[in-house]
Amino acid sequence: MMLPMTDRLYYHDSFLYDFEAEVCEIAETPRSALILDRTAFYPTSGGQVFDTGWIATDSAKLHVTEVADAEDGRVVHYLEAPVKDLQPGTRVHGQIDATRRRDHMQQHTGQHVLSAAFIRLFDLHTVSFHMADEYCSIDLDTPTLTKEQVESAERLANEIILENRPVDIRFVTREEAGKLGLRKLPPAERDALRLIDIRDFDLSACGGTHVRQTGQIGCVMLRKAEKVRQGWRVEFVAGQRAVATARRDFTTLTEAAALFSAHIYDIPQQARKSLDEIRSLRKQAEQSQEQLAAAQAAAILAETPEANGRKLILHTFSDRDLNAIKLLAQKLTRLAPNVVALLATTQQPSLVFAQSAGQPSDMGALMKEVLAKIGGRGGGSKDMAQGGAPDAEKLRAALDEAATRIRGAPSTHTA
Ligand SMILES: [Zn+2]
């Protein structure tokens with residue numbers, strides 16, 4: 001048995017927000033869903049997302065949370081909650097969420113105008129359209145897209161909007177459509193085509209919901225343009241979305257401007273200046289740390305007596321991080337030829353072992369051995385090694401263990 005297709009009221013009037021219908025079927029899919037004989041609800045299709053709203057009976061108001069096209073040509077209204085006591089044949093009243101529908105009409109008609117603008121100006125064709133909650137996008141079939149092209153298309157689209165051109169719905173046969181020079185012709189499956197005619201600007205076959213006059217789009221604002229696999233993706237917002245987006249941009253910029261005590265248009269310049277200052281200060285800090293480490297290394301070496309031909313330096317720091325003790329170890333082992341430095345920091349408990357070039361021990365191996373005993377991890381080269389300890393209390397034992405091993409090892413006397 002062939003089920004009758006749902007009569008789509010939005011095909012003829014996109015501004016029909018209220019309608020009467022009869023229930024044909026109640027389905028559990030497992031979500032509860034209703035199929036009606038006629039509907040003004042738009043199901044997700046052709047890049048435009050579904051309407052939401054309500055279906056009211058004499059005793060209940062059911063929330064429609066999603067609307068989809070079934071393969072048999074019927075429209076399925078998914079409901080938020082299971083349906084009780086509803087029979088096929090019941091008369092219901094449908095009500096579309098008008099705010100959401102108006103937003104979709106603005107975005108969708110805005111897309112027609114924008115796609116046509118890219119063709120008129122640069123012969124760039126739209127290959128796909130996507131509508132998300134925050135923004136929409138079209139993919140253009142082109143290997144390149146310049147900032148100037150984006151701005152020109154935006155300007156032309158907004159001129160067409162300001163001219164408030166009529167947006168008419170026409171039904172033609174496929175044969176008639178072939179002679180009209182459509183921007184977009186759907187794959188051959190239906191004989192009757194629904195055309196959206198933006199007076200003297202764009203003609204394309206489309207089943208979506210559109211405004212009646214281009215002025216109702218409000219405006220189109222182009223956002224990010226990025227290279228994608230099949231061309232260039234251009235994000236845009238239209239109507240109230242454009243206003244909401246501009247409002248959010250302004251709020252963000254105002255907050256950033258306050259941080260710099262600057263006008264919003266001076267933010268890039270101020271940010272560049274601040275970044276330059278940060279780079280310069282970071283460089284100065286690095287130089288100061290180097291100088292400080294060199295001075296401290298010299299002082300430590302001066303007060304460390306030589307034993308068995310070497311200077312063994314053993315120290316745990318609580319006020320320095322791993323990078324600082326590494327730097328100190330480098331300075332110590334470079335300033336004198338017979339140094340072994342066994343250093344630790346209790347900040348993120350870690351160890352650094354280093355020796356002057358030519359000393360006989362193996363710091364990497366020593367690090368591995370002592371860390372194995374306390375359950376840490378690390379390693380390094382013959383002259384420099386580092387590792388992490390599971391907790392600060394174990395550092396002292398690890399350093400003592402390493403020192404004992406160094407003292408027991410033969411030393412090289414350097415004159
Ligand atoms: Zn359309």
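Visitor: What does the accessible surface of the protein come to, and how much of it belongs to carbon and sulfur atoms?
Guide: About 22300 Å², with 52% belonging to carbon and sulfur atoms. Bear in mind that this is a predicted model.

Visitor: And what share of the residues is buried?
Guide: Of the 415 residues in the protein, 42% are buried.

Visitor: What is the radius of gyration of the protein?
Guide: The protein has 37 Å, whereas a compact globule of 415 residues would have a value near 22 Å. Along the principal axes, the C-alpha atoms fill a box of roughly 100 × 55 × 40 Å.

Visitor: How many helices and strands are there?
Guide: Eight helices and 20 strands.

Visitor: For contacts with a separation of 6 or more, what part comes from residues 24 or more positions apart?
Guide: Those residues account for 62% of such contacts.

Visitor: Now R8. Where does it lie?
Guide: R8 is in strand β1, which covers residues 7–8.

Visitor: Is R8 buried or exposed?
Guide: R8 has a relative accessible area of 10%, and the cut-off for buried is under 20%, so R8 counts as buried.

Visitor: Which backbone oxygen lies 3.1 Å from a polar atom of its side chain?
Guide: That of G73. G73 is also among the residues in contact with R8 once neighbours within four places in sequence are left aside; the others are T39, P43, D69, R74 and V75.

Methods: Residues are numbered from 1 along each chain as its sequence is written. This is a predicted model: local features need pLDDT of at least 70, side-chain atom pairs count only at pLDDT 80 or more; totals for chains, interfaces and linings use all residues. Side-chain values use heavy atoms; hydrogens and water are left out. Helices (H or I, at least four residues) and strands (E, at least two) are DSSP runs, numbered from the N terminus. The radius of gyration is taken over C-alpha atoms; the globule rule is 2.2 Å times the number of residues to the power 0.38. Buried means under 20% relative accessible area, exposed over 50%, partly exposed in between (1.4 Å probe, protein chains only). Contact means heavy atoms within 4.5 Å. Accessible areas come from the Shrake-Rupley method with a 1.4 Å probe; for residues, only the protein chains shown count as cover. A polar contact is a pair of N or O atoms within 3.5 Å; within protein, one must be able to donate a hydrogen and the other to accept it, and residues adjacent in sequence count only if both atoms are side-chain atoms.
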